[in-house]
Amino acid sequence: MFIASFPAGPWQTNCYVVATEPGAECVILDPGMGAADGVREVVTEHRLKPVAVVLTHGHLDHMFSVAPLCGGYDATCWVHPDDRALLADPLRAMGPETHQLLAQLTGGTTTFAEPDDVRELTDGAVLEIAGVRLDALHTPGHTRGSVMYRSDYPSTAPGGGELDQLVFSGDVLFAGSIGRTDLPGGDHAAMLRSLRSKVLPLSDTTAVLPGHGPQTTMARERATNPYLQPGQL
């Protein structure tokens, strides 16, 4: 598997471009504000053809560029139905500080719309796109429609140790932390259930590629993440 990633925009959201190899079709995950140029650079450099944009959730900092990228590459957008409405109205799930920041950054002229081709996925869905398999894990809490995507990926962890799968965790799990639940649509109790039922069962040999910040592993998070310790869940 080929994976390119870069942080984009004022929220430094990790955008991922995934393919079987350079020169192949590819999947884009979470293209936030400022991600479109970075995606185009990756696509051009590695001779890729985007065919799908997959979202971990509908927050503004993860979907800002979804419509122009889907339109420009004739790609399909995949999202959980509970977050689909955010494609056309992402500000409904953001706090007042984000409203103010967006107005400052764009002059208050930004409009949003669904891409032409939107498809919904639910818990347990298997996406096989561009030769890449992504297993959808519905993990509400940060938003109602938050989803993590798991895939087989034999590799070596930083510092040594073998890994056999990866998970694009969105804003559910970070290195040393978890996603906030205080925004509209957030639910702390649901987040705790998601951590218990979907995150903790992941094997220690899982690489975690989060929506913000550095990559990590489940072994490291199980041992050190304060939100995953006994008594917290």
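Analyst: The protein carries 15 positive and 27 negative charges, and their mean positions are 4 Å apart. Lys and Arg count as positive, Asp and Glu as negative, while His and the chain ends are not counted. Each charge is placed at NZ of Lys, CZ of Arg, CG of Asp or CD of Glu. The model is predicted: local features need pLDDT of at least 70, side-chain atom pairs count only at pLDDT 80 or more, and totals for chains, interfaces and linings use all residues. Residues are numbered from 1 along each chain as its sequence is written, and side-chain values use heavy atoms, with hydrogens and water left out.

User: What makes the protein as compact as a globular protein of its length?

Analyst: The protein has 6 helices and 14 strands; helices (H or I, at least four residues) and strands (E, at least two) are DSSP runs, numbered from the N terminus. Its radius of gyration is 17 Å, close to the 17 Å that the globule rule gives for 233 residues, so the protein is as compact as a globular protein of that length. The radius is taken over C-alpha atoms, and the rule is 2.2 Å times the number of residues to the power 0.38. Those C-alpha atoms fill a box of roughly 45 × 40 × 30 Å along the principal axes.

User: Why is the pair of Y16 and F168 called edge-to-face?

Analyst: A search of the whole structure finds 2 aromatic pairs. Rings of Phe, Tyr and Trp (its six-membered ring) pair if their centres lie within 6.5 Å; planes under 30 degrees apart count as stacked, over 60 as edge-to-face and the rest as tilted. The ring centres of Y16 and F168 are 5.1 Å apart and the planes stand at 65°, so this pair is edge-to-face. Y16 belongs to strand β2 (residues 13–19) and F168 to strand β10 (residues 162–170), so the pair ties together parts 152 residues apart in sequence. Both Y16 and F168 are buried.

User: Why is the pair of F64 and F112 described as edge-to-face?

Analyst: For F64 and F112 the centres are 5.6 Å apart and the planes are at 85°, so the pair is edge-to-face. F64 lies in the loop between α2 (60–63) and α3 (66–73), and F112 in the loop between α4 (96–106) and β6 (118–120), 48 residues apart.

User: How do you know that M218 is buried?

Analyst: Buried means under 20% relative accessible area, exposed over 50%, and partly exposed in between (1.4 Å probe, protein chains only). M218 has a relative accessible area of 0%, and therefore it is buried. This residue is in helix α6 (residues 218–224). Beyond its neighbours within four places in sequence, the contacts of M218 (heavy atoms within 4.5 Å) include L173, V199 and V208. F112, at 19%, also counts as buried. Of the 233 residues of the protein, 53% are buried.

User: Why is R47 called exposed, and why is Q12 called partly exposed?

Analyst: R47 has a relative accessible area of 55%, so it is exposed. Q12 has 41% and therefore counts as partly exposed. R47 sits in the loop between α1 (35–45) and β4 (49–54), whereas Q12 sits in the loop between β1 (2–8) and β2.

User: What is the phi of Q12, and what is the phi of R47?

Analyst: Most residues other than glycine have a negative phi. Q12, not a glycine, has a positive phi near 50°, and R47, also not a glycine, has a positive phi of about 55°.
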